[in-house]
Amino acid sequence: MIYINLLIAYLKIGLFGFGGGYAMLSLIQHEVVEVIHHGDTQPWLTLQEFTDIVAISQMSPGPIGINSATYIGYKVTGSVFGSILATIAVCLPSFILVLIVGKILLKRKDNKYVKSVFSAIRPVVVGMIASAALLLMNKENFPDYTKSIAICVVAFLLVRYAKLHPILIVILAGITGYLLY
Amino acid sequence: MSNSISKTIINLFVTFFKIGAFTFGGGWVMIAMMEKDIVDKHKWFTKEEFIDNLAIAQSMPGILAVNMAVLVGNKMAKKWGAFLSALGTILPSFFVILTIAIFFTTINDNPIVERIFKGIRPAVVALIIAPVFTTAKAAKINLKNFWVPVATALLITFCGLSPIMFIALAIVYGVSRCYLNNKQTKTE
């Protein structure tokens, strides 16, 4: 029963989780902290446990949606299978949808309407990326106004003008943090 | 399966695996990395294609980075390309998190880890700022349409509006603009 509940919960999160990452978190929180699933007597996790998972997700590589699915899948069932199940479930709905929509749009990419729509969307996407950056400019990421801002500026110059690979920058920034703090 | 296709598929898997393994901070950082590898290095997408597909990936539910991997993989090597690109994106974080879930409970209390992440976090912000400039160029941002990305960014960030709403508005605008142009050329 627990596996079926887990499957359904994460299919739901994968299907209705628009907006990616942090927007998805509220949906995940609802399913694992607030809802008492069929056959259970209490929610899967306490709010404290959930907060810990978010912190762990932020410190681990990869998308936060995957991280939380893998972690919660294991914690709820106590088995690796639960982990695999939740991870697949969270990806499956969008995998199918994206394949279908991508195929349709790719076929019609020379259509007048499709062209017009995409040229209208492009400036919006630029704004979306900018907002992702703005949202991260918080106390959590910049605990002081000296060293952290310096790291950010140098990293920007290195990726934009020295054309260093972002992976290299993450590694260098990690070493810098270890040495500076 | 022909040799060049299986080569492409392996290439896709390795590229997305690397991106999945080295991105801390979630989806948008992965998008920044993908731009570098997919557009600049492998030339799987042009800059315009990258933005268009990013709009599709963002408009769909689910995990942004996985959606983007599926779109790239599907273009280069159909279903198998899509599957292995998605798998490559997912696997690194799956293994890392599983290890943490099984063996540790309090990784965030480790002072050394905390110091390393104090350095990584601000750099990650820079990694997301960089593609704002490259995509702005590809989206042909000029003095006339400059207000669109600025307003979008400010309203999403400070009013908490959903990005999907802005994509929906752009779709309505794009369709009606095309419709009106058609009508105009017909009456002339």
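Predicted model: local features only at pLDDT ≥ 70, side-chain atom pairs only at ≥ 80, totals over all residues.
Two packed helices are described by the angle between their axes and the distance between the axes. In the model, helix α5 of chain A (residues 80–107) meets helix α4 of chain B (residues 64–103), with axes that come within 10 Å and cross at roughly 160°. Because angles over 145 degrees count as roughly antiparallel, α5(A) is roughly antiparallel to α4(B). The crossing of α5(A) past α4(B) is right-handed. Sorted by class, the residues of this contact comprise 17 nonpolar, six polar and three charged.

The structure contains one cavity of 30 Å³ or more. The volume of the largest cavity is about 40 Å³. Its lining is formed by A:I129 together with B:W28, B:I31, B:A32, B:E35, B:F50 and B:P131. Helix α2 of chain B (residues 27–41) contributes four residues, the largest share of this lining. Six of the lining residues are nonpolar, one is charged and none is polar.

At least two lining residues each are supplied by α6 (112–135) of chain A and by α6 (147–159) and α7 (163–187) of chain B. The lining of the second largest pocket consists of 11 nonpolar, four polar and two charged residues.

Notes. Residues numbered from 1 in each chain as written. Chains lettered and ligands numbered in written order. Heavy atoms only, no water. Axes fitted to C-alpha atoms, helices over the stretch in contact; angles between N-to-C directions. Parallel < 35°, antiparallel > 145°, perpendicular 65-115°, else oblique. Left-handed = near helix turned anticlockwise from the far one by under 90°. Nonpolar A, V, L, I, M, F, W, Y, C, P; charged D, E, K, R; others polar. 1 Å grid on protein atoms, 1.4 Å probe; cavity = no way out; pocket = protein on both sides within 12 Å on 5 of 7 lines; lining within 4 Å. Points joined across faces, edges and corners; volume = space filled by probe spheres on them.
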